[in-house]
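The following note accompanies the structure and is set out as numbered points. Please read each point with the model open.

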Amino acid sequence: MAYVRWTRYLLPTWKEEPAEAEIPSHRLMLRAGLIRRVASGIYEFLPFGYRALRKVERIVREEMDAIGALEMKLPVLQPEELWRRTGRWEDFGPEMFKLTDRKGQGFALGPTHEEIITELAAREIRSWRDMPLTLYQIGEKYRDEIRPRFGVMRAREFLMKDAYSFHGSWDSLEETYRDMYTAYSRTFTRCGLVFVAVEAPTGVMGGDVSHEFMAVADTGEDEIALCSACGYAANRQVAHTEPPDPPPGEERPLELVATPGVRTVEELVEFLGVSPAQIVKTFLYVGRDGALAVLVRGDQELEETKLLQAAGDPTLRRVDDPGEAERISGAPFGFLGPIGLGIPVWADESVRDIPAAVVGGNREGYHYVGARAGRDFRVDRYLDIHRAREGDPCGRCGSPLRIRRGIEVGQIFQLGTKYSEALGATFLDRDGEERPIIMGCYGIGVSRILGAVIEQHHDEAGIIWPLEIAPFQVVIAVLRPDVPEQMELAERLASALDRAGLEVLLDDRDRSPGEKFHDAKLIGIPVLLVVGPRALQRGEVEAERRRDGAKASFPAAEDAVVRGVRELLRAELI
Ligand code: ATP
Ligand code: MG
């Protein structure tokens with residue numbers, strides 16, 4: 001007897017809406033008894049939720065195995081010394097859980113495993129013959145997120161599949177990267193997700209080329225820019241758009257004007273009667289190489305990810321404390337501008353051609369008007385650092401971009417030699433020359449997928465599981481479990497379905513039929529079978545498909561029910 005009896009199972013459902021949950025998937029995961037919260041961002045998976053999680057895990061494993069990746073297991077506890085060697089003990093910052101053992105040695109709870117695996121590669125990979133090699137694991141990751149939320153979506157302990165590949169050439173890396181891209185697409189499709197792969201920022205991982213896989217959902221924390229004309233798709237934080245046209249106007253001489261108490265773009269527009277596009281905002285940053293002034297046009301927003309990506313310095317941060325800003329720049333906060341400033345200046349492309357710009361005067365209560373980049377102030381580097389907006393011209397083809405929301409369920413990176421160089425992972429190439437190993441890394445948020453799936457597959461009554469990850473395929477509601485004939489028939493049908501390879505949950509609880517139907521909808525099992533008086537009197541078992549409410553009835557015989565259920569499920573696959 002391998003089917004599950006609800007009365008012998010731990011599947012507590014809630015009637016009430018949990019107040020702490022802000023989005024449907026989080027609410028439903030609590031109400032349908034998948035997860036329970038232990039502390040902020042830390043969850044238990046109850047048996048029902050764990051069943052679904054294991055199914056996602058299985059799909060991920062099958063698709064990794066299919067491209068020849070080798071499963072293994074790496075430790076969660078990782079020595080500080082290793083993270084110091086790549087500089088990420090600092091770069092990862094407060095997101096890393098750090099602890100000390102009894103001897104005073106520092107450790108991290110692995111937020112990711114590049115350091116550990118690269119050291120393994122340094123030890124085990126000797127020559128070009130040992131590669132390509134792809135290793136992966138499915139295990140817990142720990143990140144002390146600033147804002148854990150949405151249940152398992154942004155947790156502090158979560159399940160990730162992480163893979164790492166090792167290569168003797170860039171061509172080989174690109175080949176594995178393409179295989180991964182395909183394996184990821186297959187994985188998310190099998191999980192029932194509607195997703196897009198987008199160009200992505202590389203952040204603290206490093207490297208140049210990266211894609212994120214975004215499950216499309218209005219409640220997603222990420223934004224994606226899409227061009228329906230040329231197919232360009234990018235995370236909004238790195239989406240390249242053509243710079244806007246320069247504002248109309250003529251060049252004129254530079255002039256310092258008194259603007260007492262006028263600091264913001266809105267106030268300047270009002271006070272000077274100019275348009276926001278004529279104003280240049282100056283931001284102050286500090287990083288490894290010291291201070292940096294960053295210029296963006298007044299009608300644009302600074303996209304910090306693009307700036308960080310271009311700087312390649314994860315320690316770069318905006319200085320927004322007035323005291324600190326004044327100490328670094330020598331200019332009063334709120335009146336900072338690029339003219340005569342003794343620090344490097346980077347500017348968004350849109351600043352280049354403003355004929356007569358308004359910039360901070362570097363003097364309390366003053367701005368310059370008529371400022372011209374190149375003539376009145378030096379720009380060391382022009383780059384695309386403005387935030388992409390709905391309707392902006394696509395950086396590839398010029399058609400208007402759309403902005404949508406998404407949930408990042410996976411990300412793949414071409415890392416190159418960042419880690420192998422830092423940790424001395426080299427190999428002997430065909431010519432007997434020693435070179436750093438070229439690497440890629442590839443993550444999937446296994447537990448986040450569950451949230452994303454429910455976010456995309458639910459209605460007001462509850463979850464609607466895609467077939468491949470449904471914890472059970474069939475739920476049998478016995479309307480009167482105290483009537484022996486009903487129980488007996490239900491058990492016979494459950495056994496028959498079980499023998500036919502279907503996973504069955506038998507709702508034998510002492511609850512009203514109404515509650516059972518309600519809960520069946522809530523927990524979202526693809527097919528509901530009803531065993532009640534009608535099944536006994538008329539010899540008919542009623543069935544209902546969760547997805548579309550399609551109803552059917554079958555003769556109350558084992559083979560007829562198995563056939564009928566299979567029929568209903570078949571339509572699920574189409
Ligand atoms: P995010 O931008 O959402 O914080 P990330 O880019 O930092 O994620 P990666 O380092 O790319 O995450 O990790 C690989 C995958 O792990 C992500 O694509 C995501 O699906 C998942 N993941 C990352 N952080 C969390 C988290 N706090 N809770 C659950 N899943 C997560
Ligand atoms: Mg990521």
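Is Phe150 buried or exposed? The first point takes up this question.

1. The model under discussion is predicted. In this model Phe150 has a relative accessible area of 10%. A residue counts as buried under 20%, so Phe150 is buried. Its place in the chain is the loop between S8 and S9. The backbone at Phe150 also deserves attention: phi is positive, at about 60 degrees, although Phe150 is not a glycine.

2. Asn362 is not a glycine, yet it has a positive phi of about 55 degrees. Asn362 belongs to the loop between strand S19 (357-360) and strand S20 (366-371). With a relative accessible area of 17%, Asn362 is buried.

3. A further backbone feature concerns the peptide bond between Met131 and Pro132. This bond is cis, with omega at about 0 degrees. Pro132 is located in the loop that runs between helix H5 (114-124) and strand S8 (133-142).

4. Several atom pairs describe how the protein meets ligand 1. A polar side-chain atom of Arg143 is 2.9 Å from an oxygen atom of ligand 1. For Met153, a backbone N or O atom lies 3.3 Å from a nitrogen atom of the ligand. Gln411 places a polar side-chain atom 3.2 Å from an oxygen atom of ligand 1. On its own, ligand 1 has 570 Å² of accessible area, of which the protein covers 87%.

5. Which residues coordinate the magnesium ion (ligand 2)? They are Glu408, through OE, and Gln411, through OE1, at 1.9 to 2.2 Å. Gln411 counts as buried because its relative accessibility is 11%, which lies under the 20% limit.

6. The side chains of Thr86 and Glu115 are joined by a polar contact of 2.6 Å. Thr86 sits in the loop between helix H3 (80-85) and helix H4 (88-91). Its relative accessible area is 13%, and Thr86 is therefore buried.

7. Arg430 is exposed, since its relative accessible area is 66%, and the limit for this class is over 50%. This residue is part of the loop between strand S23 (426-428) and strand S24 (434-436). Although Arg430 and Gly168 are 262 residues apart along the chain, their C-alpha atoms are separated by 9.4 Å.

8. The last point concerns the chain as a whole. The domain assignment divides the protein chain into domain 1 (24-240 + 403-454), domain 2 (255-383) and domain 3 (472-572). The C-alpha centres of domain 2 and domain 3 are 67 Å apart.

How values were computed. Residues are numbered from 1 along each chain as its sequence is written. Chains are lettered from A and ligands numbered from 1 in the order in which they are written. This is a predicted model: local features need pLDDT of at least 70, side-chain atom pairs count only at pLDDT 80 or more; totals for chains, interfaces and linings use all residues. Side-chain values use heavy atoms; hydrogens and water are left out. Donors are N, O and S atoms within 2.8 Å of the metal (3.2 Å for Na, K and Ca); water is not among the atoms, so sites may look incomplete. Buried means under 20% relative accessible area, exposed over 50%, partly exposed in between (1.4 Å probe, protein chains only). A polar contact is a pair of N or O atoms within 3.5 Å; within protein, one must be able to donate a hydrogen and the other to accept it, and residues adjacent in sequence count only if both atoms are side-chain atoms. Accessible areas come from the Shrake-Rupley method with a 1.4 Å probe; for residues, only the protein chains shown count as cover. Domain bounds come from an automatic or database domain assignment. Helices (H or I, at least four residues) and strands (E, at least two) are DSSP runs, numbered from the N terminus.
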